[in-house]
Amino acid sequence: MSTEADRVFADLRMGRPRALSRAISWVENETTQAPALLEKIYAQSPHPWVIGITGVGGAGKSSLVPHLARLLADGGSRVAVLAVDPSSPLTGGALLGDRIRDSGGQQHPRVYFRSVASRGGQGGLATCVADLVRVASAAGHDIVLIETVGAGQSELGILQVAHSVLLVHAPGLGDDVQAQKAGVMEIANLLVVNKADRPGADDTVASLRQALLLSEREAHMHEGVNELPGGGLHWHPPVLSTTALSGAGVEAVWARLLEHRALLKRQGQYDALNRTHDLRRMQAYFREVVQRRLQSRIESMAMLAHLEAELARGDADPLGAARALADAVLPPLASDPVTHRTSPPRHMENTL
Ligand SMILES: Nc1nc2c(ncn2[C@@H]2O[C@H](COP(=O)(O)OP(=O)(O)OP(=O)(O)O)[C@@H](O)[C@H]2O)c(=O)[nH]1
Ligand SMILES: [Mg+2]
């Protein structure tokens, strides 16, 4: 007898957008059907090409992505766009603005748009989005574009799923090139100065190019693929400009992305990245499962209430109590960095 997960999987494989939306919701909300569905998906769906699009708020990522998606779809690809919103502390979900944007416009038959909540940071982005990428692949999407706001951890999270990372910048957002360099510039394979119609765009292009040369310490490299003296190949991130209002410059961005993918494949890095992403996913999921199991075990123990009461009275210290709980469910390691105590500490006299 077929389960609900079987049916959704079959519908997914037939490319039904509603099945894709449903599958994404299952995974996002960690429903009880999600693991069975994901198991099928991972077994039977290839890695799509994942392009991460990141950059400071307001640079024009969301304006640029539909142009890029349409271009790829016109070229025959099936494109899924996942827009990762910072979770709202109130709703815990994707911001309303992008939800609305999802439902309006951009109705290319080979483009699928969806906002997903980031659940606050790197872990949330990496765990949920890595699965969603494969869900999209099961539905026949061979390219997945992921938009994230480059505000701290999320751009590092994007590295755990993307093959190519595009950093969007724009004039007038503060000449924060130094700050950019310190974080996200190191991971960008392609830099785009959007709003080329605005004054100062050329200066922004020039300062990004300068910053890249400084960080690469290789002033003679040209943008794209460079042949090194020893025979190896090196990718020097190109800096391009676009105007998302008209779509100008987007074709050049696409050409460079193709070049980047070709280099990754030529160097065997494309498959290596796929393996690394799977490995990271396994490690993250392992941590999740272990933590959940241990947590549920601890919560069923009388010792927890006992320790909590001791903490409340000031008769235990938080670290000692945590260690005592850990010791109760897992044997301590000889290499544990802290002194092992067999019983919860009772030395917290009111000395203050
Ligand atoms: N003049 C001009 N304005 C643009 C261009 N691209 C986007 N904008 C405007 O810039 C604003 C921000 O654009 P978004 O696409 O929402 O920027 P974003 O990077 O997705 O922003 P967040 O999702 O908040 O991080 C909007 O008002 C756009 O209309 C452009 O090429 N030229
Ligand atoms: Mg946006």
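Reply: Ala-5, Asp-6, Val-8, Phe-9, Leu-12 and Arg-13 of helix α1 meet Ala-36, Leu-37, Lys-40, Ile-41 and Gln-44 of helix α3, where contact means heavy atoms within 4.5 Å. Sorted by type, the residues of this α1–α3 contact are seven nonpolar, one polar and three charged; Ala, Val, Leu, Ile, Met, Phe, Trp, Tyr, Cys and Pro count as nonpolar, Asp, Glu, Lys and Arg as charged, and the others, Gly among them, as polar.

Before we go on, a word on the ground rules. This is a predicted model, in which local features need pLDDT of at least 70 and side-chain atom pairs count only at pLDDT 80 or more, while totals for chains, interfaces and linings use all residues. Residues are numbered from 1 along each chain as its sequence is written, chains are lettered from A and ligands numbered from 1 in the order in which they are written, and side-chain values use heavy atoms, with hydrogens and water left out. Helices (H or I, at least four residues) and strands (E, at least two) are DSSP runs, numbered from the N terminus.

Back to the helices. Two packed helices are described by the angle between their axes and the distance between the axes. Helix α1 (residues 4-13) packs against α3 (residues 34-44) at an angle of about 40 degrees, and their axes are 9 Å apart. That angle makes α1 oblique to α3 (under 35 degrees counts as roughly parallel, over 145 as roughly antiparallel, 65 to 115 as roughly perpendicular and the rest as oblique). The axes here are lines fitted to C-alpha atoms, for helices over the stretch in contact, and angles run from 0 to 180 degrees between N-to-C directions. As for handedness, α1 passes α3 in a right-handed crossing; a crossing is left-handed if the near helix is turned anticlockwise from the far one by less than a right angle, and right-handed if clockwise.

Now let's see what else α3 packs against. With α2 (17-28), α3 makes an angle of about 120 degrees, the axes being 9 Å apart. These two helices are therefore oblique to each other, and their crossing is left-handed. Ala-23, Trp-26 and Val-27 of α2 make the contact with Ala-34, Leu-37 and Leu-38 of α3. Those residues divide into six nonpolar, no polar and no charged.

Glu-30 sits in the loop between α2 and α3. Its phi is near 50 degrees, a positive value in a residue other than glycine. Is Glu-30 buried or exposed? With a relative accessible area of 57%, Glu-30 is exposed (buried means under 20% relative accessible area, exposed over 50%, partly exposed in between, with a 1.4 Å probe and protein chains only).

For comparison, take a glutamate elsewhere in the chain. Glu-310 lies in helix α12 (residues 302-313) and counts as buried, at 0% relative accessibility. Glu-310 and Ala-321 are eleven residues apart in sequence and 8.8 Å apart in space, C-alpha to C-alpha.
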